[in-house]
Amino acid sequence: MDLRGLDMRRLPNHVAIIMDGNGRWARLRGKSRIEGHRRGRASVRAVVELSRKLGIPYLSLYAFSTENWLRPKDEVNALMGLLRHYLAAEQPKMMRHGIRLLAIGEKSRLPAPVLQTLNQAVRATRKNKGMTVVLALSYSGRHDIVRMVQGIARKVKEGRCAVKDINERMVSGHMETCSIPDPDLLIRTSGEMRISNFFLWQIPYTELYVTPTLWPDFREGEYVQALKEYQRRRRRFGRTDEQIDRGLSSLVQPGGLENRI
Ligand code: IPE
Ligand code: IPE
Ligand code: MG
């Protein structure tokens, strides 16, 4: 792996990936869509392993959206089967590499055997300190926001918080992603220029990177390219270049989180 030109001191703290293009990858080869999903596994491995090696603390993977439930039953079933199989098969590796697994999304919609394997993997890896992999399954950014509103409204109704005390930090604290920082870099494969209901609240100043490469072809080299591109970006958070050049140490991101320039 050629890591030359990658500045190890300026790596993102949190990378999020919309893993798209499995179906097209398969169609181009005259294979079934399921085969595309199957091939995506090696790409997942590649980005997890390289993130771990580089010391990137958080990696979020969008694996299944709430809208993906609308796909043909056979495809959904096959995806769920693959998911369960991967979660079980990759667990020893997660333990070896100190990877903590978190899952976000409407887990109650997952078939019982998948949910069981998922919960088991999350439980088994909960004390791992190497890095955190966040799996977004049956996830919807809008649904996450709706749940947050419900949670805060309940607190107000019960008199546990005043309307005037609602702030960005509190909103972040009621999202499913409450325990993880906002992504610095969001990668989408397959060339689509959209968010497809992934993180909405969490990406106000996230750097976006879209590559035409289809997910099963996205491996270490492509990932390094994305990280290098990220390092070429100037993150201004609304300020001027001159302010950034002066190296203001007190730059603050929306939500009051400390900026990592
Ligand atoms: C991404 O690949 C995997 C999931 C959404 C589950 P797709 O299955 O969306 O592949 P394309 O976009 O049809 O090529
Ligand atoms: C987004 O991909 C969801 C995941 C990658 C899990 P889709 O293939 O579902 O997105 P659209 O339909 O092209 O927007
Ligand atoms: Mg797609």
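By buried I mean under 20% relative accessible area, by exposed over 50%, and by partly exposed anything in between, with a 1.4 Å probe and protein chains only. With that in hand, take Met 193, which counts as exposed because its relative accessibility is 72%.

Two sentences on the ground rules. This is a predicted model, in which local features need pLDDT of at least 70 and side-chain atom pairs count only at pLDDT 80 or more, while totals for chains, interfaces and linings use all residues. Residues are numbered from 1 along each chain as its sequence is written, chains are lettered from A and ligands numbered from 1 in the order in which they are written, and side-chain values use heavy atoms, with hydrogens and water left out.

Back to Met 193. It is found in the loop between strand 5 and strand 6. Helices here are DSSP runs of H or I with at least four residues, strands are runs of E with at least two, and both are numbered from the N terminus. Strand 5 covers 185–188 and strand 6 covers 207–210. Between the C-alpha atoms of Met 193 and Leu 208 there are 9.5 Å, and the two residues are 15 apart along the chain.

Ser 190 has a relative accessible area of 8%, so it is buried. Ser 196, at 30%, is partly exposed. What about phi? Most residues other than glycine have a negative phi. Phi of Ser 190 is positive, near 80°, and phi of Ser 196 is positive, near 50°.

Now the ligands. I will call a residue near a molecule if one of its heavy atoms lies within 4 Å of it. Which residues surround ligand 2? Ser 196 is one of them, and the others are Ile 18, Met 19, Asp 20, Tyr 62, Ala 63, Phe 64, Asn 68, Arg 71, Arg 188 and Arg 194. Strand 2, residues 58–65, gives the largest share of that shell, three residues.

For polar contacts, the rule is a pair of N or O atoms within 3.5 Å; within protein, one must be able to donate a hydrogen and the other to accept it, and residues adjacent in sequence count only if both atoms are side-chain atoms. Oxygen atoms of ligand 2 lie 3.2 Å from a polar side-chain atom of Asp 20, 2.9 Å from one of Asn 68 and 3.2 Å from one of Arg 71. On its own, ligand 2 has 390 Å² of accessible area, and the protein covers 79% of that. Those areas come from the Shrake-Rupley method with a 1.4 Å probe; for residues, only the protein chains shown count as cover.

Ligand 1 next. Its surroundings include Met 19, Asp 20, Ala 63, Asn 68 and Arg 71, along with Gly 21, Asn 22, Gly 23, Arg 24, Arg 33, His 37 and Leu 79. The side chain of Asp 20 has an N or O atom 2.8 Å from an oxygen atom of ligand 1. Backbone atoms take part as well: a polar one of Gly 21 is 3.3 Å from a ligand 1 oxygen, and an N or O atom of Gly 23 is 2.9 Å from one. The protein buries 87% of the 380 Å² that ligand 1 exposes when taken alone. Helix 1 (22–28) and helix 2 (33–54) each give two or more residues to this shell, and helix 1 gives the most, with three.

Away from the ligands, there are two residues left. Ser 140 sits in the loop between strand 4 (131–139) and helix 5 (141–157). It counts as buried because its relative accessibility is 8%. A polar atom of the Ser 140 side chain lies 2.9 Å from the backbone nitrogen of His 143. Taking contact as heavy atoms within 4.5 Å, and not counting residues up to four places away in sequence, Ser 140 touches Thr 66 and Asn 197.

Last, Val 15 in strand 1, residues 14–18. Is it buried or exposed? Val 15 is buried, since its relative accessible area is 0%. Again not counting residues up to four places away in sequence, Val 15 touches Ile 56, Tyr 58, Leu 59, Ser 60, Leu 185, Ile 187, Tyr 223 and Leu 227.
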